[in-house]
Amino acid sequence: MRATNSFVGSPIERVEDLRFLRGRGQYVDDLTREGLLHAAILRSAVAHGRIRSIDVSAARALRGVHAVITAAELGPKPPVIPVRLQPLPILEPFHQPVIAADRVRYVGEPVAIVVAESPALAEDALDLIGLEIDPLPVVADRHVSAKNEVLLFEDHGSNLAIEYRAERGNADAAFHAADFVRRESFGVQRHTAVMMEPRGVMAEWDPAQGKLIVSGASKVPFFNRRILAKQMGLAEDAIELVENDVGGGFGVRGEFYPEDFLIPFAAKFTGRPVKWIEDRREHLIASNHAREAECEIEIACRKDGTILGLRGQAHIDIGAYTRTNGMVGARNVAQFLSGPYRVPNIQVDVALHLTNKTPVGTYRGPGRFETDFFRERLFDLAAADLGIDRVEFRRRNLVAKTEMPYALATITPYEAKDELDNGDYQAALDQCLREFNWVEKATLDGKLIDGRYHGMALGCFIEGGAAGPSESARLALETDGTVSVFVGSSAVGQGLETVFTQIAADALEMPMESIRGVYHGSTGYVRDGFGSYHSRSVVMGGSAIVLAAESLRKAIREAAATALDCAARDIEILDGRAASAGGASIALADLAAKGLAVEEVFSNHKHTYAYGAHAAHVAVDPKTGHVALIDYVAVEDVGRVINPMTLRGQVIGSLVQGLGGVFLEHLVYDENGQLLSGSLADYLMPTASDFPNIRAFVSGLHPSPINPLGAKGAGEGGLIPAGGVIANAVAAALASLGVQPCRLPLSPPRVWEMIEAARKARP
Amino acid sequence: MPIRFEVNGKLVEVEVEPRTSLADCLRHGLRLTGTHVGCEHGVCGACTVIVDGVAVRSCLMLAVQAEGSQIRTVEGLSDDHALSPLQAAFRKHHALQCGFCTPGMITTAHALLSEEPDADAARVRDVLSGNLCRCTGYIPIVEAVLEARAAYQAQDKGDRK
């Protein structure tokens, strides 16, 4: 890339903003079609039961209702939804059917679908469906699940779906030989992404062409098309998935859900376009949940604080079925317990328990948020026991620059190996201490000032990105001399169009205005695509653009050489023209008339690891249990910064989302499997007044060696360390009372209860 | 039943059911889809529009209640040529990511600064705390609104002259 064109690395204002700010975005519910019908879905209100009868006659008779679809309309066996990430044959019994036929296993499971002239009419008709369910005893949590007295899947004989093990070295030997061992139990509550735009699907069936168009796609459209084609009995190229503007993804949107089959089916069934928009209550019971994890883990150290091993058992409540990516959080809890630290011996087992709750999937930093909370809390406890300074303890154990690439624990049964790519973890820690002013602030630790206890804490983290196997980019020279960029990556609100325009403009050595647009997320743009998850877009899609730009420049040179009758190597591309050394030139627009387009694939099987350190200063009011965030510093190195402004946005946005998980957000179930926090008045998320004191410092000092951009995935790191850092800060604040928070969320009543319990326990 | 009101300076007549919310009427009846619906129970603020100068959750107001009102939606805050000072400040500070909450943030902030062009950071945070954003962490939104005050202050002075 030429140094004079340096859009990459500059805080470019976003191209998406112009339409969003004027209210001209096009989200799926903004679409309409001639003859459009609307769907509403009847969901089980019972957590566990057998369907005795469904009477849809009154609903079908309602004027304006076009169809009521139940399992009966889907044939003898409704299709099931496969696992996308880390599938295994042993998980197949737990795949979710797209509609319940005779058994319901969570509140929110689809039972029937009404298609009517308006959304309101469709909802009216839901009330007319007579659904009788014989209740079964409810498996409300993982403890009940483990008893196996009531089974979700009788044929399987157990509620344990699968167990993973993360292993490295010989943990038992390390623990046997260690000077010091410390064991503790921790827990993270069930919560999830709750993006602001609920999910939605609009399907159009063209019987003459035999073609199905599905709008509202996101994240992994090509994969979802494969599933849908199989379920519908259609060829893949008979289906087009279309990505519109997307109101947030965070891992939850865009996976294949029951509605992604039901709405296309309804369109084909009725012969009319059908749209379904999830309402918020539905969202909280139907979209993937996440994060519910408990563990008992132990650390083995030498007297000087050198870590010898980590060992333990974790339990994940995965809900009623194994959804497309429901395994990821669990395996990440095991594999990333060691984080950015040198841990030679690891043995972590994770059990995935089936319960009568909404199934889980990935939510930004899946498993990483949980496991970082476990690890960083355990480190502070161990450091205190050993009498070693918390910072020094971490510094001693961070993987050094010279040890890279550094192998992580291997996951069984996948035998999945992974390694940290590169970076200077110590430098990030040092920067964090400096920006936070640690030395001075640490003197306030545990002090009671104006009725509040102050506490500081610090933690280090890694953030994985760049999942393979590949990504495609197609660049087309348009007849006005501009270039259109088509990618298999998906835009979920993160600003993909802007950063890809920057990358393309730099790689093509053209001004940004010469990039006509970045077209993403729809199956019609490239041959195959792998989408946006695991912070992969910039690395994978961005690198594909770099390769395609090189090819396009070569193709332009060759075409111009033919036109100008000279050698391709003598062609210079500048200011919208291709010029020969002799001074003759031809406009790119004229070259485009003959059709100039290239498609390239970037393949990669390694992961990138962005990394950093966070520090927090909290003040705890012992009278109310409220924890105020006085200051928070987030430092992250992402290999190469494409747009510092949007990157800072990712770090701060992710962090505040994480603070929601630390303090507020909780999907609470009762013993009957009923969700108690089923509205946004009950499921509390951060607001503008909650966490105003956050400072983010992002850099790209250590480019990743595994891709041409040097970039690393960077959308999730902000929240990964939040739980550990905040809980450690609260522990530091309340050290004089001996409060040791081991479970999230740190809501005011829970902090207050811990303070009261600690006071009562003391003489 | 037919209702009439003014939206973005234009008088409109639209047929609605008595149960139709103002949000649904604007979005689906009038195809003004810039106003977004995020929760339908008045918590998230994405559907905020300005009714007779006041920021209102259009999911909690029936369309029939808007009879005779003057309504401004996000589409009415700027023209094709330039962003409004508030919109430009949002872009400059990267105060939006997915854009879904943005129309509600902009209308809420516009109503606030039209009434209180000198609102301080605490007041801005307090008022915006009624609107949920899941992407930005709010810090850049508050920065953007504070910067946009200057334009409203100038407007305010002009009005008083």
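**Exercise 1. Determine how many residues of domain 1 and of domain 3 of chain A are in contact, and describe the side that domain 1 contributes.**

Solution. Step 1: in this predicted model, 16 residues of domain 1 of chain A touch 18 residues of domain 3 of chain A.

Step 1: on the side of domain 1 of chain A that touches domain 3 of chain A, at least two residues each are supplied by α14 (496–508) and α15 (537–564) of chain A. The largest share of that side, 6 residues, belongs to α15(A).

Step 2: sorted by class, the residues on this side of domain 1 of chain A are 7 nonpolar, 8 polar and 1 charged.

Step 3: for the bounds, domain 1 of chain A consists of 17–26 + 467–603, and domain 3 of chain A of 293–466 + 606–761. Chain A also has a domain 2, made of 31–136 + 198–246 + 253–286. The centres of domain 1 and domain 3 of chain A, taken over C-alpha atoms, are separated by 38 Å.

**Exercise 2. Describe how domain 1 and domain 2 of chain B meet, and which elements of domain 1 take part.**

Solution. Step 1: the domain assignment places domain 1 of chain B at 2–76 and domain 2 of chain B at 85–160. Their C-alpha centres lie 21 Å apart.

Step 1: domain 1 of chain B brings 14 residues to the contact, and domain 2 of chain B brings 12 residues.

Step 2: β3 and β4 of chain B are the elements that give two or more residues to the side of domain 1 that touches domain 2. The most, 3 residues, come from β3(B).

Step 3: this side of domain 1 of chain B has 8 nonpolar and 6 polar residues, and no charged residues.

**Exercise 3. Work out how β3 and β4 of chain B are arranged relative to each other.**

Solution. Step 1: strand β3 (residues 48–51) and strand β4 (residues 54–57) of chain B run antiparallel and are joined by 4 bridges.

Step 1: within this pairing, Ala55(B) in β4(B) is the residue opposite Ile50(B).

Step 2: β3(B) and β4(B) form a hairpin with 2 residues between them. In the turn, Asp52(B) has a positive phi of about 50°.

**Exercise 4. Characterise the side of chain A that touches chain B.**

Solution. Step 1: 43 residues of chain A and 44 residues of chain B make up the contact.

Step 1: the elements giving two or more residues to the chain A side are α1 (17–21) and α17 (644–663) of chain A. The largest share, 8 residues, is that of α17(A).

Step 2: by class, the chain A side divides into 18 nonpolar, 14 polar and 11 charged residues.

**Exercise 5. Give the strand order of the open sheet of 3 strands in chain A, and explain why β26 and β28 of chain A each have one side without a neighbour in the sheet.**

Solution. Step 1: the strand order is β26-β27-β28 (chain A), with antiparallel pairing.

Step 1: β26 (572–574) and β28 (585–587) of chain A are at the edges and have a single partner strand each, so one side of each strand has no neighbour in the sheet.

Step 2: neighbouring strands of this sheet are turned against each other by 25° on average, direction ignored.

Step 3: strand β27 (residues 577–579) of chain A is joined to β28(A) by 3 bridges, and the two run antiparallel. Here Ile586(A) in β28(A) stands opposite Ala578(A).

Definitions and conventions: Residues are numbered from 1 along each chain as its sequence is written. Chains are lettered from A and ligands numbered from 1 in the order in which they are written. This is a predicted model: local features need pLDDT of at least 70, side-chain atom pairs count only at pLDDT 80 or more; totals for chains, interfaces and linings use all residues. Domain bounds come from an automatic or database domain assignment. Two residues are in contact if their C-beta atoms, placed from the backbone, lie within 7 Å. Ala, Val, Leu, Ile, Met, Phe, Trp, Tyr, Cys and Pro count as nonpolar, Asp, Glu, Lys and Arg as charged, and the others, Gly among them, as polar. Two strands pair if DSSP finds at least two bridges between them. Axes are lines fitted to C-alpha atoms, for helices over the stretch in contact, and angles run from 0 to 180 degrees between N-to-C directions.
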